[in-house]
Amino acid sequence: MNKKLAAAVSCGAVLMLALSGCGGDDDGDKKADAWAKKVCDKWEPELTKIKDTNDELKRVASQSSKPEEVQKTDSAAFQTLSDSYKNMAGSLTAAGEAPVKDGKGAQDSVVKSYGEISKGYTDLKAKIDALDPKDQGKFADGLQQVAGGLTEVAANETASKEKLNSTGLKVIYTQKGCQVSAPGKG
């Protein structure tokens, strides 16, 4: 059961891997670079929180942790992840329209995706909080449902990454703030 949750958490780190160490096309557009820097300066602490939180989720899921510890860790992690994606969406909006081809459309699409990811983590927090860690059988069953929900959120993260990669917004990859180190990267 914990291995399935660990696998789902690993899938949830897809966006982090996409934002770490990726290079973008440098078209010399100073406006796009300045816009991307503004976004990434705000995103950097959020991306770091996401990475650290995913690491903690994997740690707890891969160990023989007590149900109370799993519940407490997962609940706090899902809240952190929800807040981080919400903050990233807000930062993207606050940066103004991206000075790239179809900047507004791409930006709106990613902001909407981040909102859905944030809501997904809020829903997972409610599910994990509702579990009774004293009844290990029911807790295990409930944890399976949480793992399934986490897989859905990971799919939304992958879709968001693809939206970023397929638009002019990929200019963010040139900015240091959006290149948070991921496991196995230096």
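**Exercise 1. Work out which way the disulfide of Cys40 and Cys178 is handed.**

Start with the torsion: about the S-S bond of Cys40 and Cys178 it is about -100°, so the disulfide is left-handed. Next, see what gets linked: Cys40 sits in helix H3 (residues 30-62) and Cys178 in the segment after helix H6 (136-165), so the pair ties together parts 138 residues apart in sequence. Helices here are DSSP runs of H or I with at least four residues, numbered from the N terminus. Then check the bond itself: the sulfur atoms are 2.1 Å apart, and a disulfide is a pair of cysteine sulfur atoms within 2.5 Å. Finally, burial (under 20% relative accessible area, 1.4 Å probe, protein chains only): Cys40 is buried at 1%, and Cys178 is buried at 0%.

A quick note on the ground rules: this is a predicted model, where local features need pLDDT of at least 70, side-chain atom pairs count only at pLDDT 80 or more, and totals for chains, interfaces and linings use all residues. Residues are numbered from 1 along each chain as its sequence is written, and side-chain values use heavy atoms, with hydrogens and water left out.

**Exercise 2. Find what Ser82 touches beyond four places in sequence.**

Locate Ser82 first: helix H4. Ser82 is buried, at 3% relative accessible area. With contact meaning heavy atoms within 4.5 Å, its partners are Ser118, Tyr121 and Thr122. Ser118 and Tyr121 are among the buried residues of H5.

Key:
Helices (H or I, at least four residues) and strands (E, at least two) are DSSP runs, numbered from the N terminus. Buried means under 20% relative accessible area, exposed over 50%, partly exposed in between (1.4 Å probe, protein chains only).
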